[in-house]
Structures are given as structure tokens and as C-alpha cells.
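Visitor: I am new to this structure, and I would like to understand the words used to describe it.
Guide: Let us look at it together and take the terms one by one.

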Amino acid sequence: MTAGTPAGTPEDTKAANTNSTVSSEAEHVRIFDTTLRDGEQSPGASMTFEEKLQVAELLDEMGVDIIEAGFPIASTGDFESVQEIARRSKNSIIAGLSRAAFNDIDRCGEAVKPARQSRIHTFISTSPIHMKYKLQMEPEAVLQHVADSVGRARKWVDDVEWSAEDGTRTEFEFLCRCVEAAIKAGATTINIPDTVGYTTPLEYKDLFERVRANVPNSDKAVFSVHCHNDLGLAVANSLAGVAGGARQIECTINGLGERAGNAALEEIVMAIRTRHDVLPYTTSIKPHYLMRASKLVSAVTNFPVQYNKAIVGKNAFAHESGIHQDGMLKNAETYEIMKPEDVGVKATSLVMGKHSGRHAFREKLSDLGFELGDNAFADAFRRFKDLADRKKNVYDEDIEALVEDEISTRGDEMAKVIALTVIAGTGGPQKAIITMEVDGQHITKEANGDGPVDATFKAIRTVVPHDAHLALYQVNAVTEGTDAQAEVSVRLEAGGRIATGKGADTDTLVASARAYVSAMNRLAQRMKSSNPQGGALKAS
Ligand code: KIV
Ligand code: ZN
């Protein structure tokens, strides 16, 4: 592929831009998704090997031009997942990240090699503060590393991206020298990240215009934006960078990412699609996948999507006030600039209850944006039937919570909740008796606590002693009414690692126990993959 050529097929582009206002003149902007790399760097958002494959498969299908699958040198687990994603890729270019060291680059080259189209993305800091304190290197040495690292990457692949970390706080002349050196050494994409979320739209647009005008070989590469959301400007800055001449946008599903996150893919795609009159670009993304991608990423990372999040939030298309509802009934365009179905939100009247069968349940899951494998589907259906027996009306939110719980607790489970009895009330201390299956063995233990949740968690710790610290305990009622399911999130932290688990049940304590055990299983997996001999969490 030559620089400046759209990565998506013409069919994809056609499918992605069904908006009638798209002109044939519009320029293609590549979508580079980094959910599996920058997104996964969010504290507590890490995904298992299987989950990463699932997310990558969906990104590939929805039209993402480049999937940054991970940081292969970071761990054996990262290397293996990047390699497997590369093997399975069908349409997207698969990229891996590497620092400017030869062993990083070689590891990355090895990992992305099986892909139909592979890319090495190498970076080094270029701002005065990063060079002085983080790298402890002189600018001339950094410049030499730029040329050497890109040259090394080109021995593996033709498609090399180079990033100037902390680019927006880099001295302009030095940035231009680095960009020129990277292109000369063979970089085909130049990324100028706003690593700390510091820039503003006009400033970022101007930066791209000036770099492109000042670097003599700038026409030999595609320029890329990569924005963090520390000031809430990531999407605005990304679009401004495109106005300044960038033709690749790095972003993540749900805006997941370091600190306040990255630019949200769904917002960028829908802004370009909805405001084509002022943003005359095309992307290859098929927008009806957006809701499904959002739900999948939220479920596997256990990061909830805020209710009022643009495009994919629960309230993004909800109209509460009487005036708005009245307008909507007369003409939806009075208050709606996009159609919910365009982003994969289906208006459905399928009511679920205890008489609903497998077929209706599968339809409902698909309407809600979930696709489960056979075993996960069988388990979710059994739990749905169980819920419908206990709860008269099963709402969409109930099913979503149930499936998210299923996704959160599935997989390589070390421990599972089998039964829980809690004695609570004014008398105290409260007592919990729990039976768990640990490595195939049933173990029953009890514990007293300061409240029923404390007693439940202590009982779990008696079965599987560990010193993980409870970093978050959060309960939400999924629907209204006293028979509503409780959706519980638990975050555990140990040895610098964080894992989040989710549980849902009409019994808040059962949901709490499930969420705690899910977080504990995830933490154990994470500790095992970074130290296979470790065995940090043990059954008593
Ligand atoms: O934010 C950043 O600078 C990055 C680079 C590694 C591209 O994520
Ligand atoms: Zn970043």
C-alpha cells in the first residue's frame, strides 16, 4: 500500500458512508483503533487473551483500517495476543507498539509477522521535559534513535509508523528535524500525539499545517493524530488535526485509555458522518457496529459507559421532557441529529418473560448488540430463565446486566460461588456462610463482619486467602422496583495489578459475591501471566 492510499476496500467505504450527503470528493481518513493497546493501559481495564481476540475480530469486521493489537515486548501474554490477532486478521492492518530499542522492535516485528498486512509503530519522546527526565538523553541522541529505530523496523515491514511522544510539548524546530529523519529512514506514517491532553483545537491544527509545510519530505508520509482527553478536548483536537492535514485518527472504543482516555472512535466516526458539510471526509467504519463494539468493550473491561456518553450512552437517544417528546412524535428530526438505528440501537418491542424461548432470547441478545458463543449462550439462557422465574418483567437492562456478568465471570475461573447464606439485621455482627468451588473442589467457610457485605467478602477471603486490597465497591439498581437486579462492580488491587469484576442478581449480596470472585479470578490470572511460578492467590 502506498502512503495516502485508503486502507479499506471500496466496498467497505461504500457501506460505511451510506449518508446521502457524502460527496465523491471527500478524502478518506484512516481509523487506527488502539483500544487493545492504549485502551488496555487504563488502570483496571486489562483483558484476557480470549477477550482481546473477540474485540479484534469485531474491530476487523466493522472496518477499522489499523488495529493496534498491543505492546509485544510488555509481556509474553501481550506478544501472544498480538501474534494471534495478526494470524486471524482478515481486513485490517495489524500494528504492534515498540519503543526505540532494537529488541523491542524485533519482538514487535515477530508478533505482527503473521498478519496479511502488518505495521510496526515505534515511538520515542521528543519534548524537553521527557528527554531530560524520562529518557535522560540529549536531543541529538534522540534524533539518532529516531533514524535507527525506523530503519530497524523497516527491515521487518514496509509499513512503519513513527510517533513523537509528547509531540505537542516538543520544540517546533526539533520536532521537524525528527519528523524529517523518520521519513528519510522509511516511516510511512508520522504520528504527533498529544500525550498529556494539553493542546487545543486551533493550536493542534496549526501544528500539523506548520510541520507539513516545514518538513521537506512531508509529502512522503501520512500524518496522524493521537489525542488524550485530559481537558475533554480529545475528539475536537483530533478533528482539528485532520483539518490541518492529518489523514489518520488514533482512537479507542468508548474513549478508553490512559487517565481520562483517548478520543472516542464512535464520536469521531459519527461527527464525520453527521457533519459532512463541514467535515468533508470519509471513514471505512460501518456505523451500525458502534453500539455492539461499545457493549463488548464495556463488558470485557468492566468499564461502565456513562449514561450521557455521546453516541453509545444509555441516554444518548432518550427524550425525557414533555416538550422534547412532543416534538419527537411530530418529527424525530426536531431533536435527533442521528438515527439510533444508524449506530446499531434497535427499536424493539420484544417483551421477555418466563415463557420466552431460546430463539426469542437469541434475537433479544442480537438486538442488544451481544453475540455469544454456544456455551456462553447456554449459560446466559439458563440464568435468564432463572431470573424470569423470580422477576415478573425482564427488561432490556436486566438482560444486559446478566450477559455482562456472564462475560465477566466466564473463562479461566479459579473459583466460583456455589451458595451463599447471610444472616443480617440490627443484632450484629452479621454472618456469611459461603460455599465455593475452587479448582474443582467444594469448600464451605463462614465469617462474621461489620455488615453483610463485609461478612461475605471476609468469608470469600477465608476460602481463598489473599492480600488484595478492595479499591472499589459499587452497587447500581439495574431497573426500578424492589425486585430489581443489583449490578455490582468490585475492583481489587495487589502488587501493582488491578482487576475489576462485575456481578448481577436480584440479591445484592449474591451479586456482590459474584463480582468479588470475578475480580479475584481476573487478578489471579493477571498475576499468573506476569509470574507463572507465583501462585499469588491460594485456596485454604
Ligand atoms: O499518548 C501517546 O503518546 C502514545 C504513544 C505511544 C503513541 O500512546
Ligand atoms: Zn496515548
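**Terms around a ligand and a patch**

Guide: Ligand 1 is surrounded by R37, D38, H121, F123, S163, E165, N191, P193, T195, H226 and H228, a residue being near a molecule if one of its heavy atoms lies within 4 Å of it. This is a predicted model, in which local features need pLDDT of at least 70 and side-chain atom pairs count only at pLDDT 80 or more, while totals for chains, interfaces and linings use all residues. Residues are numbered from 1 along each chain as its sequence is written, chains are lettered from A and ligands numbered from 1 in the order in which they are written, and side-chain values use heavy atoms, with hydrogens and water left out.

Visitor: Why is V475 called partly exposed?
Guide: Partly exposed lies between buried, under 20% relative accessible area, and exposed, over 50% (1.4 Å probe, protein chains only); because V475 has 39%, the word applies. V475 is found in strand β14 (residues 469-477), and together with L470 and Y473 makes a nonpolar surface patch of about 210 Å².

Notes:
Patches are made of residues with over 30% relative accessible area and no salt bridge: like charges are joined within 9 Å, nonpolar side chains (Val, Leu, Ile, Met, Phe, Trp, Tyr) within 5 Å. Accessible areas come from the Shrake-Rupley method with a 1.4 Å probe; for residues, only the protein chains shown count as cover. A salt bridge is a side-chain nitrogen of Lys or Arg within 4 Å of a carboxyl oxygen of Asp or Glu. Helices (H or I, at least four residues) and strands (E, at least two) are DSSP runs, numbered from the N terminus.
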